[in-house]
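Have a look at the fold first, then read on.

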Amino acid sequence: MKNRMLIVATASLMLAAWPLAAHHSFAAEFDSTKPITLTGTFTKMDWVNPHSWIHMDAMNPATGKVESWAIETGPPNTLYRNGWRKDAIKEGSEIVVVGTLAKNGTNTVNARTVKTPDGKTLLAGSSEGNGPQTAPPTGAKQ
């Protein structure tokens, strides 16, 4: 009986911890030495935990071609506390994202800020530390 209770307790703890395995640190996926500024067209937003995602079409500064980008932000609650609302950005609007490139070379960015079409700059709940930026943003269209 004690063994069965121990097995059930252990299994319960493992299941409770499972969502934490999906979460990652900033340094595991993003390169803080590769900041980027993207200007492009907002296509959609996924309001999901543990990170929400912005999808946009923007020019890849490395290739000069317009490509689809996935932009990681904080979770919905953090975005809401930072002034975001689900209708803050309309599909087809031009936005400016400032963030950091993924280490794996994909078109993935961890966002620090997002500038909306009305000129408002929203904090994106980045998981990057508050340390100084190591290089100026690239690919900006001012």
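F42, M45, W47, W84, R85, K86, A88 and I89 line the largest cavity. A cavity here is a set of points on a 1 Å grid over the protein atoms alone where a 1.4 Å probe fits but cannot get out, and lining residues have an atom within 4 Å of a point. The volume of this cavity is about 40 Å³, a volume being the space filled by probe spheres set on the points, with grid points joined across faces, edges and corners. Searching the whole structure for cavities of 30 Å³ or more turns up one. By class, the lining has six nonpolar, two charged and no polar residues; Ala, Val, Leu, Ile, Met, Phe, Trp, Tyr, Cys and Pro count as nonpolar, Asp, Glu, Lys and Arg as charged, and the others, Gly among them, as polar.

A word on ground rules: this is a predicted model, where local features need pLDDT of at least 70, side-chain atom pairs count only at pLDDT 80 or more, and totals for chains, interfaces and linings use all residues. Numbering starts from 1 along each chain as its sequence is written, and side-chain values use heavy atoms, with hydrogens and water left out.

Which aromatic pair does the search find? W47 and W84 pair edge-to-face, 6.4 Å centre to centre with 80° between the planes. (Rings of Phe, Tyr and Trp, the last by its six-membered ring, pair if their centres lie within 6.5 Å; planes under 30 degrees apart are stacked, over 60 edge-to-face, the rest tilted.) The pair links distant parts of the chain, 37 residues apart: W47 sits in the loop between β1 (30-46) and β2 (53-59), W84 in the loop between α3 (76-81) and β4 (94-102). Helices (H or I, at least four residues) and strands (E, at least two) are DSSP runs numbered from the N terminus.

How well covered are these residues? Buried means under 20% relative accessible area, exposed over 50%, and partly exposed in between (1.4 Å probe, protein chains only).

| Residue | Relative accessibility | Class |
|---|---|---|
| W47 | 22% | partly exposed |
| W84 | 1% | buried |
| S93 | 14% | buried |

S93 lies in the loop between α3 and β4, and its side chain reaches the backbone oxygen of K90 at 2.8 Å. As for R85, its charged end sits over the ring of Y80, 3.7 Å from the ring centre (the rule: NZ of Lys or CZ of Arg within 6 Å of the centre and within 35 degrees of the ring normal).

Terms used:
1 Å grid on protein atoms, 1.4 Å probe; cavity = no way out; pocket = protein on both sides within 12 Å on 5 of 7 lines; lining within 4 Å. Polar contact = N/O pair within 3.5 Å; in protein donor to acceptor, adjacent residues only side chain to side chain.
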